[in-house]
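Here is a briefing on one protein structure.

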Amino acid sequence: MNPQDVFCPNKACPARGQVGKGNIGVHSLQERRYRCHVCNKTFAETKGTVLYRLRKAKETVVIVVTLLAYGCPVQAIVMAFGLDERTVLSWQSRSGKHCQQVHEHLVERPRDLGQVQADEIRVKMQGHIVWMAMAIQVQTRLWLGGVLSQHRDKHLIRALMQRVRNCALCRPLLFCVDGCQTYIDAIRKAFRESVLTGQTGRPRLRPWDGIYIAQVVKQYAQKRVVGVTRRVVQGTQAQIDALLHRTHGGELINTSYIERLNATFRSRIAALVRHGRALARQMPTLHDGMYLVGSVYNFCTYHKSLRIPLYLSTYRRRWLRRTPAIAAGITDHRWTVEELLSFRVPPPPWKPPKRRGRPSNAMKALIAQWST
């Protein structure tokens, strides 16, 4: 137990979420609990993780969640480990919600994306159909998030583009999408910012510079692709070719990277398989499974196309394998599933309460010491 690597999870504590401030001490080695010397509260070592208050052994939980993340059927896990089906589904739900928090904390940060590809997957639900829209950064193969909706409409695409907007810096950015016309309006509305002029009324929204849009439209005959049309919707062909070359996205406009990612999700979530018998019963279960698979793909899975050569001598070299998170600079090593499930997302920084009058000396001292 290392108190220097732990923060206080109490939302009412001024020192919440801050690491290495000297306010955390060991309360009990046997029970593996810490104590915060600022709020005088104790908390378990697993507070804020998937393993919090689980009676099963940590190794069993990690193995089960790993099998779920790689597409093992729930019934096989139930028979192999002697668990109740509701217990396995509960662990999957907890892991999915935790992975979504990790994704929003680490992945949804502004970075130079370069090229983004987006697509939707038709998912069979019990009694109806839902759509899963996802996006990927081409250069690092980083999964940028996904959105579920019962309809393939502007609300689904706008929600996906807003997640991409959370991950993007104002740099030249190329979008390669399919022939769905909703993408064009959603991209243009998501990537703009207000211009403050000092006048009354709503400020004018100005679109970002360097946003380029290209479409890949496929022609089908008897359920087979017989032709492909590539369109430049926004920008010039020279600008798009330059971004394709810089992001190593091929020589032509394509959506192959998001389609390969769709194939990965189809192999790990049974409800996404075409012409299969598996059905998703509830949308929250599908949502949690999507974030579990996506986070394991980002942090725990080596991608063969991301490896780089490490030259040892003139005739010797060694390949340095990387995950999408390593390629994006989010982490410096491949996480295990246990590290992913044990990662503690810090709460938002503490802010002093708003009160009338002048703050007291004690409040001034707290603000000076813990406010960030």
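Zero disulfides turn up in a search of the whole structure; the term means a pair of cysteine sulfur atoms within 2.5 Å. This is a predicted model, in which local features need pLDDT of at least 70, side-chain atom pairs count only at pLDDT 80 or more, and totals for chains, interfaces and linings use all residues. Residues are numbered from 1 along each chain as its sequence is written, and side-chain values use heavy atoms, with hydrogens and water left out.

**Cysteines**
- C72 has its closest cysteine sulfur in C300, and at 17 Å that is too far for a bond.
- C99 is in no disulfide either; the nearest cysteine sulfur, that of C300, is 8.0 Å away.
- C72 is partly exposed at 24% relative accessible area, whereas C99 is buried at 0%. (Buried means under 20% relative accessible area, exposed over 50%, partly exposed in between, with a 1.4 Å probe and protein chains only.)

**Nonpolar cores**
- A nonpolar core is a set of buried Ala, Val, Leu, Ile, Met, Phe, Trp, Tyr and Cys residues joined through side-chain atoms within 4.5 Å.
- The largest core holds 56 residues; M161, V164, F175, Y183, F191 and F299 touch the most other members.
- Another core lies apart from it, with 21 residues, including V123, I136, L286 and M290.
- In soluble globular proteins, nonpolar side chains tend to be buried together.

**Contacts of single residues**
- Contact means heavy atoms within 4.5 Å. Neighbours within four places in sequence are left aside for Y183, N23 and L292.
- Y183 is in contact with A118, D119, E120, I157, L160, M161, V177 and D178.
- N23 sits in the segment before β1 (24–28). (Helices are DSSP runs of H or I with at least four residues, strands runs of E with at least two, numbered from the N terminus.)
- N23 is buried at 4% relative accessibility. Its partners are C8, A15, Q18, R35, C36, H37, V38 and W370.
- L292 belongs to helix α8 (residues 283–299) and is buried at 1%. It is in contact with V65, L68, A69, Q92, S95, G96 and C99.

**Surface**
- I308, L310, L312 and L320 make up a nonpolar patch with about 330 Å² of accessible area together. (Patches take residues with over 30% relative accessible area and no salt bridge; like charges are joined within 9 Å, nonpolar side chains (Val, Leu, Ile, Met, Phe, Trp, Tyr) within 5 Å. Accessible areas come from the Shrake-Rupley method with a 1.4 Å probe; for residues, only the protein chains shown count as cover.)
- I308 lies in strand β12 (residues 303–311) and is partly exposed at 34%.
- L196 is in the loop between β8 (192–195) and β9 (204–207). L196 is exposed at 72%.

**Salt bridges**
- The whole structure has 13 salt bridges. (Each is a side-chain nitrogen of Lys or Arg within 4 Å of a carboxyl oxygen of Asp or Glu.)
- R152 pairs with E120, the closest N and O atoms being 2.6 Å apart. This links distant parts of the chain, 32 residues apart: R152 is in the loop between β6 (142–149) and α4 (154–166), E120 in strand β4 (residues 115–124).
- R152 is partly exposed at 39%; E120 is buried at 8%.
- D178 also forms a salt bridge with R152, at 3.5 Å between the closest N and O atoms.
- D178 is buried at 16%.
- R206 and D209 meet at 3.0 Å, N to O.
- E104, E108 and R163 are linked in a network of salt bridges.
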